[in-house]
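Trainee: I would like to learn how to read ring pairs, charges over rings and helix packing in a model. Please take me through them one at a time.

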Amino acid sequence: MARIIAGVGTSHTPAIGAAVDNGKTDQPYWQPLFKGYEPAKQWMAKAAPDVVIMVYNDHVNAFDFKVIPTFALGCAGEFPIADEGWGPRPVPVVKGYPELAAHLVQSLVLDEFDMTIVNEMQVDHGLTVPLTLLFGSPAQWPCRVIPLAVNVVQYPAPTGHRCYRLGQAIRRAVESWQEELKVVVFGTGGMSHQIQGPRAGLTNPVFDKAFLDDLSGDPERLTRIPPIEYLREAGAEAIELVMWLLMRGALGPRVEEVYRFYHIPASSTAVGNIILESR
Amino acid sequence: MAADKPYEDIPGTWIFDAERARAGYHLNRFLYTLMKESNRKAFLADERSYLEQFKLTAAQREAVRTRDWNRLLELGAVVYALAKLAFTDGRSYQYMASQMTGMTEKDYVDMMLKGGRSPEGWRSKSEREKH
């Protein structure tokens, strides 16, 4: 049977990808960040998952405003890298797992989570930056990736509670797949940040630390954070943290935190990384 | 009855909601086309005629011309689409953000290096007035 062995929470700031792509990782600005991700990369090399379910959001690249799906599951065999305005990132094409994705769709819809099915989709920094942070810069990504795109761009995003419950349903779906597979679920985006308007640059380390603490200890508290609280306390774009709750829901009731890293800044973002193993 | 919008009370922020998305639909469609290199070149070569392909309001057109980033947010641009205009200009995201805050890019980057902007005084419009 397929098993979800762990979850990774990580920011997906585009500037991080640009730093890698332009060979800036040793610069004083970036060096502490990449040093901080080193243990997570080592953990990932050991964990060697067969499949990653990548919970992320598209930033007006795959989805323009004709259609805005709240939850969209990538069912294609591969996902090309989007040109977001400065040329596509020079990273490998992302290989999907259409058979498992189709199983997830069927299981989730019958479990009353109405997923949008996406058979063709470009992926942007929301998906590729987490891959780079955890897998480095290989010639091919070492595992298959099923993208799960969550709308956090147009208000309202799905609630943290809804995301958490979808995560729980994903766990049930994965465990009903017969093949022996190790699956790692990523929750990406955040942490506190605002990248628009006169309030841009807002960060809230107190909010972020409490969020990281409660991911393992009291995720139910986090599922009760209303959307307005993310916006007010942690910045307009901090609503992305609901995607970390989707990841957390997929890990089952008991987890062990095996790594944590927190750093300000990457561009306008407070960067967080956590690894939680299912117990 | 209008939708409840508690987030309108957050200072210095334009939450991209359904109403803004409707107002900004054609503006965002224009910005979305800047994902293509050939379109970026065509836009830079002749901004005015490039924009004629899209049903922008006069105010939106003027805000694009003057790169009035906050006004563009107010008129319905979503920040991720707006970033494509900054990139087309050869600017960074941080540059665009600094312009929105009225700071120089250097001061903005320095603020971030010092840990970013505290939420104190920025939680609500009334808190902002007192600050």
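The dialogue below goes through these features in turn.

Mentor: First, the ground rules. This is a predicted model, in which local features need pLDDT of at least 70 and side-chain atom pairs count only at pLDDT 80 or more, while totals for chains, interfaces and linings use all residues. Residues are numbered from 1 along each chain as its sequence is written, chains are lettered from A and ligands numbered from 1 in the order in which they are written, and side-chain values use heavy atoms, with hydrogens and water left out.

Trainee: How many aromatic pairs does the structure hold over all chains?

Mentor: Rings of Phe, Tyr and Trp (its six-membered ring) pair if their centres lie within 6.5 Å; planes under 30 degrees apart are stacked, over 60 edge-to-face, and the rest tilted. Over all chains there are 15 such pairs. One of them is A:Trp86 with B:Phe87, edge-to-face at 4.6 Å centre to centre and 75° between the planes. A:Trp86 is in the loop between strands E4 (78-79) and E5 (94-95) of chain A, and B:Phe87 is in helix H7 (residues 79-88) of chain B, so this pair joins two chains. Helices (H or I, at least four residues) and strands (E, at least two) are DSSP runs, numbered from the N terminus.

Trainee: What lies over the face of A:Tyr97?

Mentor: A charge sits over a ring if NZ of Lys or CZ of Arg is within 6 Å of the ring centre and within 35 degrees of the ring normal. For A:Tyr97 the residue is A:Arg144, at 3.8 Å from the ring centre. In chain B, the charged end of B:Arg91 sits over the ring of B:Tyr95, 4.0 Å from its centre.

Trainee: At roughly what angle do the axes of H1 and H4 of chain A cross?

Mentor: Two packed helices are described by the angle between their axes and the distance between the axes. Axes are lines fitted to C-alpha atoms, for helices over the stretch in contact, and angles run from 0 to 180 degrees between N-to-C directions. Helices H1 (residues 14-21) and H4 (residues 125-135) of chain A have axes that come within 9 Å and cross at roughly 55°. Contact (heavy atoms within 4.5 Å) involves residues including A:Ile16 and A:Val20 of H1(A) and A:Val129 and A:Leu133 of H4(A).
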